[in-house]
Amino acid sequence: MTVDALYNRPGPNRLIPSDVYKTTDVTQAVKIRIAKDGLGAEEPISIPGILKRTVNNYPDHPALRTKNAKREYTTVTYRQYEQKVHQVAKAFMKLGLEPHNAVGVLAFNCAEWFYSAMGAIHAGGVIAGIYTTNSPEACMHVLQDSHAQIVVVDDAKQMEKIHAIKDKLPNLKAAIQIQEPYAPFMKKEDGYYRWSEIEAMNVSDQDDALKKRLENIAINQCCCLVYTVSIPYHRPSIALPNL
């Protein structure tokens, strides 16, 4: 397949025409440099496309292994990984995640971090990681700058930070806590959710919508914002394309 063919098909493995190599607009596509030979000449592929290809080739191979409180390992296969990602993507959409808006993750390394990141990307959104050492004000900067509509935190300590700034974030539609014990103020009617509720949410009504979101994804559009350590509360971000 020629690169030109990538411009005339639905996503997620498609390119949008562009004449710029860099941008500060997450909705704008960038031009991809394609080499004449070597690895740089390989056909570009999106992150959802890579996951789908891996699931097709290695459905029952281990994708993730997690350890519980009893120090027992649980293995997640690539097929199960994709199912979890699709569940989270549709749940995020149901909670109000719109294309090119962000899901912030304020958590240490865990499986839910990956499900959130991949779920956001599959839903046409952007993932933005937040340092767990950030103050509430620094968290607010990341959530405001990335246009976050959802934030995922790992514990009650991090949820307290979100609770302190939530009224100043009109774009934020949902805050989700992964681990117990849960913050005492968490109520769904106020936009607070437990991760278990995301896993159990009935999202069958989002099947067609997710398909459309995937078709609208482009390889050369932003899918990740990385906030680097800089001046407090004014951390610059780096946008990464969907490949």
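## Salt bridges to look for

Six salt bridges are present in this structure. The model is a predicted one, so treat this as a guided tour of its computed features.

Let's start with Asp 207 and Lys 90, whose side chains meet in a salt bridge at 2.7 Å, N to O. Asp 207 sits in helix α7 and Lys 90 in helix α2, so this pair links distant parts of the chain, 117 residues apart. Are the two partners buried or exposed? Asp 207 is partly exposed, with a relative accessible area of 37%. Lys 90 has a relative accessible area of 14%, and because buried means under 20%, Lys 90 counts as buried.

## Two further bridges

Asp 205 lies in the loop between α6 (195-200) and α7, and the partners are 111 residues apart. Lys 94 is partly exposed, at 38% relative accessibility.

Another salt bridge joins Glu 98 to Lys 173, with the closest N and O atoms 3.9 Å apart. Here Glu 98 is in the loop between α2 and β3 (102-106), while Lys 173 is in the loop between α5 (156-165) and β6 (174-177). The two are 75 residues apart and again link distant parts of the chain. Glu 98 is partly exposed at 39% relative accessible area, and Lys 173 is partly exposed at 36%.

## How α2 meets α7

At what angle do helices α2 and α7 pack? The angle between α2 (residues 78-94) and α7 (residues 207-216) is about 100°, and their axes are 10 Å apart. The two helices are therefore roughly perpendicular to each other.

On the α2 side, the contact is made by His 86, Ala 89, Lys 90 and Met 93. On the α7 side, Asp 207, Ala 209, Leu 210 and Arg 213 take part. Sorted by type, the contact residues are four nonpolar, one polar and three charged.

In soluble globular proteins, nonpolar side chains tend to be buried together. The largest nonpolar core here has 41 residues, and Val 103, Ile 150, Val 152 and Ile 176 touch the most other members. Helix α2 gives the most to this core, with seven residues. A second, separate core has 27 residues, including Val 126, Val 153, Ile 165 and Leu 169.

Which residues does Ile 150 contact, leaving aside neighbours within four places in sequence? Among them are Phe 92, Leu 95, Leu 97, Val 103, Leu 172 and Ile 176.

Terms used:
Residues are numbered from 1 along each chain as its sequence is written. This is a predicted model: local features need pLDDT of at least 70, side-chain atom pairs count only at pLDDT 80 or more; totals for chains, interfaces and linings use all residues. Side-chain values use heavy atoms; hydrogens and water are left out. Axes are lines fitted to C-alpha atoms, for helices over the stretch in contact, and angles run from 0 to 180 degrees between N-to-C directions. Helices (H or I, at least four residues) and strands (E, at least two) are DSSP runs, numbered from the N terminus. Angles under 35 degrees count as roughly parallel, over 145 as roughly antiparallel, 65 to 115 as roughly perpendicular and the rest as oblique. Contact means heavy atoms within 4.5 Å. Ala, Val, Leu, Ile, Met, Phe, Trp, Tyr, Cys and Pro count as nonpolar, Asp, Glu, Lys and Arg as charged, and the others, Gly among them, as polar. A nonpolar core is a set of buried Ala, Val, Leu, Ile, Met, Phe, Trp, Tyr and Cys residues joined through side-chain atoms within 4.5 Å. Buried means under 20% relative accessible area, exposed over 50%, partly exposed in between (1.4 Å probe, protein chains only). A salt bridge is a side-chain nitrogen of Lys or Arg within 4 Å of a carboxyl oxygen of Asp or Glu.
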